[in-house]
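I opened this model to look up a few residues and their surroundings, and these are my entries in the order I made them.

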Amino acid sequence: MGTKMEIEHSHLLINNLNLHIAQIGKDELGTVVFLHGFPEIWYSWRHQMVAVAEAGYRAIAPDWRGYGLSDQPQDPENASREHLISDLLGILDALSIPKEPGRAEADFSRFDVKRVVRTIYILFSKSDIPIAPEGKEIMDLADLSTPLPEWFSEEDLSMYASLYQKNGFTYPLQIPYRVRSIKETNLPSDRTIRVPVLLIQGEKDYVYKLPGRYEAIKEGIMKDYVPNLEISFIPEGCHFAQEQFPDQVNQLITGFLKAHPVNN
């Protein structure tokens with residue numbers, strides 16, 4: 001009968017604070033990080049930590065700064081989520097936990113940049129939302145025999161591929177699609193957009209089928225926040241309408257600009 005595993009405790013100096021870390025298990029299958037909320041501490045995850053450790057994972061549960069056995073920052077009134085994120089990344093680095101890529105990054109990394117861009121332009125120019133079934137990823141939906149859209153040439157594809165070759169997709173996947181928290185201090189009290197705004201919407205754009213999108217545009221909900229809004233619909237337009245119908249989009253943009261001259 002094996003020795004029962006015990007939760008171990010230590011402190012790490014992260015961002016000039018001694019942060020308490022509880023951990024248990026070996027990482028044969030990877031590491032699971034448990035993050036508590038208020039009014040919890042690392043102890044809130046004690047049952048789950050033991051369970052995942054027994055299943056072959058390393059379990060880690062920190063006390064956030066100011067919680068439990070971790071140091072309190074000197075200026076708690078200036079606390080922000082960015083501090084917590086920085087602490088967490090510091091903990092992961094200190095414990096030599098590799099940053100496992102996200103689902104999209106892992107999916108894309110299986111193929112060369114050109115094939116990824118080709119697949120995206122084929123799949124996301126359709127009117128239906130591309131959804132990978134259970135056990136599949138977006139790149140698995142690609143049929144290499146499917147031609148590029150007629151408005152997107154092999155030369156266009158090569159240009160995109162060459163520009164993504166340097167840095168890949170990791171950062172672009174974060175901005176703008178995954179960023180959800182904006183520092184509250186940067187938000188104006190009046191969030192109404194009062195300048196003239198033009199929205200060019202392809203009616204065959206797959207995002208038009210996302211929950212709330214149709215209502216926001218067709219029923220004028222956006223007008224509550226953007227009172228000086230003009231919407232131009234392109235009946236056959238897809239997600240990439242500016243490349244699909246460049247002349248039409250150009251006319252809409254230049255017409256809008258001429259109708260709203262900038263004051264000197």
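**Entry 1: Asp87.** I began with the contacts of Asp87 and found that, leaving aside its neighbours within four places in sequence, Asp87 is in contact with Ile14, Asn15, Leu19 and Arg65, where contact means heavy atoms within 4.5 Å. Before going on I noted that this is a predicted model, in which local features need pLDDT of at least 70 and side-chain atom pairs count only at pLDDT 80 or more, while totals for chains, interfaces and linings use all residues. I also noted that residues are numbered from 1 along each chain as its sequence is written, and that side-chain values use heavy atoms, with hydrogens and water left out.

Asp87 is found in helix α2; helices (H or I, at least four residues) and strands (E, at least two) are DSSP runs, numbered from the N terminus. Its relative accessibility is 1%, so I list Asp87 as buried, the classes being buried under 20% relative accessible area, exposed over 50% and partly exposed in between, with a 1.4 Å probe and protein chains only.

**Entry 2: salt bridges.** I then looked up the salt bridges, each being a side-chain nitrogen of Lys or Arg within 4 Å of a carboxyl oxygen of Asp or Glu, and the structure holds three of them. In one of them Asp87 pairs with Arg65, and the closest N and O atoms are 2.6 Å apart. Since Asp87 lies in helix α2 and Arg65 in the loop between β4 and α2, the pair ties together parts that are 22 residues apart in sequence. Arg65 also counts as buried, at 16% relative accessibility.

Another salt bridge joins Glu154 to Arg118, with 2.7 Å between the closest N and O atoms. This pair links distant parts of the chain, as Glu154 is in helix α5 and Arg118 in helix α4, 36 residues apart. I noted Glu154 as partly exposed, with a relative accessible area of 42%.

The side chains of Lys204 and Glu236 also meet in a salt bridge, at 3.0 Å from N to O. Lys204 lies in the loop between β5 (197-202) and α7 (213-218) and Glu236 in the loop between β6 (229-234) and α8 (241-244), so this pair ties together parts that are 32 residues apart in sequence. Lys204 counts as partly exposed at 34% relative accessibility, and Glu236 counts as partly exposed at 47%.

**Entry 3: the sheet.** Next I traced an open sheet of four strands, which has the order β1-β2-β4-β3 and mixed pairing; two strands pair if DSSP finds at least two bridges between them. β1 (8-14) and β3 (31-33) stand at the edges with a single partner strand each, so one side of each is left without a neighbour in the sheet. The twist averages 30° from one strand to the next.

I followed β1 and β2 over seven bridges in the antiparallel sense, with His9 standing opposite Ala22 in β2. In their hairpin, which has two residues between the strands, Asn15 takes a positive phi near 50°; Asn15 is also one of the residues in contact with Asp87. β3 and β4 (residues 58-62) run parallel and are joined by three bridges, and here Val33 stands opposite Ile60 in β4.

**Entry 4: helices across the sheet.** Helix α1 (residues 46-54) lies across β2 (17-24), β3 and β4, and runs at about 55° to β2. Helix α2 (residues 81-94) lies across β1, β2, β3 and β4, and runs at about 115° to β1. For these angles, axes are lines fitted to C-alpha atoms, for helices over the stretch in contact, and angles run from 0 to 180 degrees between N-to-C directions.

**Entry 5: helix α4.** How many of the 11 residues of α4 are buried? I found eight, so α4 is largely enclosed by the rest of the structure. Among these buried residues are Val113, Arg118, Tyr121 and Leu123, and the buried residues of α4 pack against α3 (103-108), α5 and α8.

**Entry 6: Asp205.** Asp205 has its place in the loop between β5 and α7, and counts as buried at 7% relative accessibility. Not counting residues up to four places away in sequence, Asp205 touches Ser127, Gly237, Cys238 and His239.
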